[in-house]
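Subject: Structure handover and findings

Hello,

I am passing a structure on to you, with notes on what a geometric pass over it returned. Please look at the structure before reading on.

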Amino acid sequence: LRLDALLVQRGLAPSRERARALIIAGHVALPGTAAPPKPGQLVRADADVIMTSELRDAETAKAAIEAALSGRLVLSMLYSRSAAEGLVRLLDLGMNPFNVSDSLQAVLAQRLARGLCPHCRQAYAPEAAELAELAREYCEGTPAQPAATLQRWREEAGEEGVRLHRAAGCGKCHGTGYQGRVGVHELLLM
């Protein structure tokens, strides 16, 4: 008996489609247990997409990699400071480098930053020293050269020159100059 049919039979899901959705989302506890299923149990449930919460230990990481190697799409979370460090973290958990390279398609790192209030942000022309510092930080750890990057920025900006924005403060942002969040993403494709 398949897990989706068992969930319907036990009254835990109204239909097999809903049971599959619960299995994919990882929100269903197996009958007789209180905890959500582990990735290895989901592989046996024959789901095409598996979403796990976090790869904290070697057992969960190994099950996720085995599921990915068997042709399933596995989505999971792993705490690290960057996308490249996420790959290293999997290896630190004791995973076989060959299996990691065969099963991993991409690592996405994300950070949230405060967004400038669109109602009161102020545009300004940065000083040459500030712009040079931005170009240096932008190119750090890459083969790009700050001088060439700075020249490209100036060419793209045209006659008006490079313009940046700073926080000002208004009634809509309660005088902070910031409103909402902006996602900063780093994608490492394998």
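Predicted model: local features only at pLDDT ≥ 70, side-chain atom pairs only at ≥ 80, totals over all residues.

Residues are numbered from 1 along each chain as its sequence is written, and side-chain values use heavy atoms, with hydrogens and water left out.

The largest pocket holds about 970 Å³ of space. Of its 31 lining residues, Ser-76, Met-77, Ala-106, Val-107 and Leu-108 are the closest to its centre. A pocket here is an open set of points on a 1 Å grid over the protein atoms alone, where a 1.4 Å probe fits and protein lies on both sides within 12 Å along at least five of seven lines; lining residues have an atom within 4 Å of a point. The volume is the space filled by probe spheres set on the points, which are joined across faces, edges and corners.

At least two lining residues each come from strand 1 (49-54), helix 4 (58-69), strand 2 (73-77), helix 5 (83-92), helix 6 (97-103) and strand 3 (106-116). Strand 3 gives the largest share, six residues. Helices (H or I, at least four residues) and strands (E, at least two) are DSSP runs, numbered from the N terminus. The lining divides into 18 nonpolar, nine polar and four charged residues; Ala, Val, Leu, Ile, Met, Phe, Trp, Tyr, Cys and Pro count as nonpolar, Asp, Glu, Lys and Arg as charged, and the others, Gly among them, as polar.

Salt bridges

Side chains of opposite charge can pair when their charged atoms come close. The whole structure contains five salt bridges, each being a side-chain nitrogen of Lys or Arg within 4 Å of a carboxyl oxygen of Asp or Glu. For exposure, buried means under 20% relative accessible area, exposed over 50%, and partly exposed in between (1.4 Å probe, protein chains only).

- Glu-85 and Arg-81 pair with their closest N and O atoms 3.3 Å apart; Glu-85 is partly exposed at 29% and Arg-81 exposed at 64%.
- Arg-136 and Glu-140 pair at 3.4 Å between the closest N and O atoms; Arg-136 is partly exposed at 40%, and Glu-140 is exposed at 58%.
- Glu-156 and Arg-152 pair at 3.8 Å, N to O. About one helical turn separates Glu-156 and Arg-152, because they are four residues apart in helix 8. Glu-156 is exposed at 62%, whereas Arg-152 is partly exposed at 37%.

Single residues

Thr-149 sits in helix 8 (residues 146-157) and has a relative accessible area of 6%, so it counts as buried. Leaving aside residues up to four places away in sequence, Thr-149 touches Tyr-138, Cys-139 and Ala-144 (contact means heavy atoms within 4.5 Å).

Arg-72, in the loop between helix 4 and strand 2, is buried at 16% relative accessibility. Its side chain makes a polar contact of 2.6 Å with that of Ser-70. A polar contact is a pair of N or O atoms within 3.5 Å; within protein, one must be able to donate a hydrogen and the other to accept it, and residues adjacent in sequence count only if both atoms are side-chain atoms.

Glu-127 lies in the loop between strand 4 (122-124) and helix 7 (128-139) and is exposed at 60%.

Regards
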